[in-house]
Amino acid sequence: MRLLVVAVGQRVPDWAQTAWDDYAKRFPPEMRLELKAVKTEPRASKTLPALLSAERERIEAAIPRGARIVALDERGTALTTVALAAKLKVWQLENDVVALLIGGPDGLDPSLRQAAHERIRLSDLTLPHAMVRVLLAEQLYRGWSINAGHPYHRE
C-alpha cells in the first residue's frame, strides 16, 4: 500500500524536511509513505473561492485514480493513535493508495472536502503546515508500528 500525502505548499523549513524524510524511510516496503507537494496559489488580488479552486485542481491532478481520499480538516473526525492504527489496517486491506490531503493557508476547497471518502483532524490546535506534515508522518508510522507489533509505541 502507498500512503500519499498531497500537501499544498512546496517550501518547508529544513527541520521539517529532515523530520519527514526520517519518518518516511522507516516504513516497510509494503507500506510506503510518499509526499506530493503542490503549488500554493498566489494570494494577490484573487477571491478565496478562486484560490481554493485553483489549489483543488492541483490536488486532484496529484491523486491517482481509484485512491481512497482522506482530507485533513479541522472539522473532521478526531482519532486516537490506536484508532488511526485500526484505520490503517482497514485501508491496507481495501486500498492500494490512500491519498491524505493537506490544504493550503486557507484550507481545502469545500467541494474537495465533501468529496473525500473521510475527513479526519490531527489536533484541536492550529498547526503550521510544516508541522502538520511531520505530525501526520509520525502518527502514520506510529499506527503502522502498533499494527506490526513494533515497540515504537507504548501504552
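Leaving aside its neighbours within four places in sequence, with which residues is Leu3 in contact? In this predicted model, Leu3 is in contact with Phe27, Met31, Arg32, Leu33, Glu34, Leu88, Trp91, Val98, Leu100 and Leu140, where contact means heavy atoms within 4.5 Å.

Residues are numbered from 1 along each chain as its sequence is written, and side-chain values use heavy atoms, with hydrogens and water left out. Because the model is predicted, local features need pLDDT of at least 70 and side-chain atom pairs count only at pLDDT 80 or more, while totals for chains, interfaces and linings use all residues.

**The sheet**

- Five strands form an open sheet in the order β2-β1-β4-β3-β5, with parallel pairing; two strands pair if DSSP finds at least two bridges between them.
- Strands (E, at least two residues) and helices (H or I, at least four residues) are DSSP runs, numbered from the N terminus.
- The edge strands are β2 (32-38) and β5, each of which pairs on one side only.
- From one strand to the next, the twist averages 30°; axes are lines fitted to C-alpha atoms, for helices over the stretch in contact, and angles run from 0 to 180 degrees between N-to-C directions.
- β1 and β2 run parallel and are joined by seven bridges; Val6 has Lys36 as its bridge partner in β2.
- β1 is also joined to β4 by six bridges, again in parallel, and Leu3 stands opposite Val98 in β4.
- β3 and β4 pair in the parallel sense over four bridges, and Ile69 has Ala99 as its bridge partner in β4.
- Five bridges join β3 to β5, which run parallel, and Leu72 stands opposite Ile120 in β5.

**Covered and uncovered strand faces**

- β4 is mostly covered, since six of its six residues are buried; buried means under 20% relative accessible area, exposed over 50%, and partly exposed in between (1.4 Å probe, protein chains only).
- On one side of β4 lie Val97, Ala99 and Leu101, on the other Val98, Leu100 and Ile102, and all are buried.
- β5 has Glu118 and Ile120 on a covered face, and Arg119 and Arg121 on an uncovered one.
- The helix α5 lies across β1, β2, β3 and β4, and runs at about 150° to β4.

**The nonpolar cores**

- In soluble globular proteins, nonpolar side chains tend to be buried together.
- A nonpolar core is a set of buried Ala, Val, Leu, Ile, Met, Phe, Trp, Tyr and Cys residues joined through side-chain atoms within 4.5 Å.
- The largest nonpolar core has 28 residues, and those with the most contacts inside it are Leu3, Phe27, Leu33, Trp91, Leu100 and Leu140.
- Two or more residues of this core come from each of β1 (2-8), α1 (14-26), β3 (68-78), α3 (81-94), β4 (97-102) and α5 (129-148).
- With eight residues, α5 gives the most to this core.
- A second, separate core has 16 residues, including Leu4, Val6, Ile63 and Leu101.

**The helix α3**

- α3 has 14 residues and reaches 20 Å from its first C-alpha to its last, close to the 20 Å expected at 1.5 Å a residue; the expected span is 1.5 Å times one less than the number of residues.
- The buried residues of α3 are Thr81, Leu84, Ala85, Leu88 and Trp91.
- These residues cover an arc of only 120° around the axis, and therefore lie on the same side of α3; the arc is that of the directions from the helix axis to the C-beta atoms.
- On the other side of α3, Leu93 and Glu94 are exposed.
- The cover over the buried residues of α3 includes β1, β3, β4, β5 (118-121) and α5.

- Thr81, in helix α3, counts as buried because its relative accessibility is 18%.
- Leaving aside its neighbours within four places in sequence, Thr81 is in contact with Gln139, Arg142, Ile146 and His153.
- The C-alpha atoms of Thr81 and Arg142 are separated by 7.5 Å, although these residues are 61 residues apart along the chain.
- Gln139, in helix α5, has a relative accessibility of 15% and so counts as buried.
- Ala62, in helix α2 (residues 48-62), counts as buried because its relative accessibility is 15%.
- With neighbours within four places in sequence left aside, Ala62 is in contact with Leu4, Val6, Lys36 and Val38.
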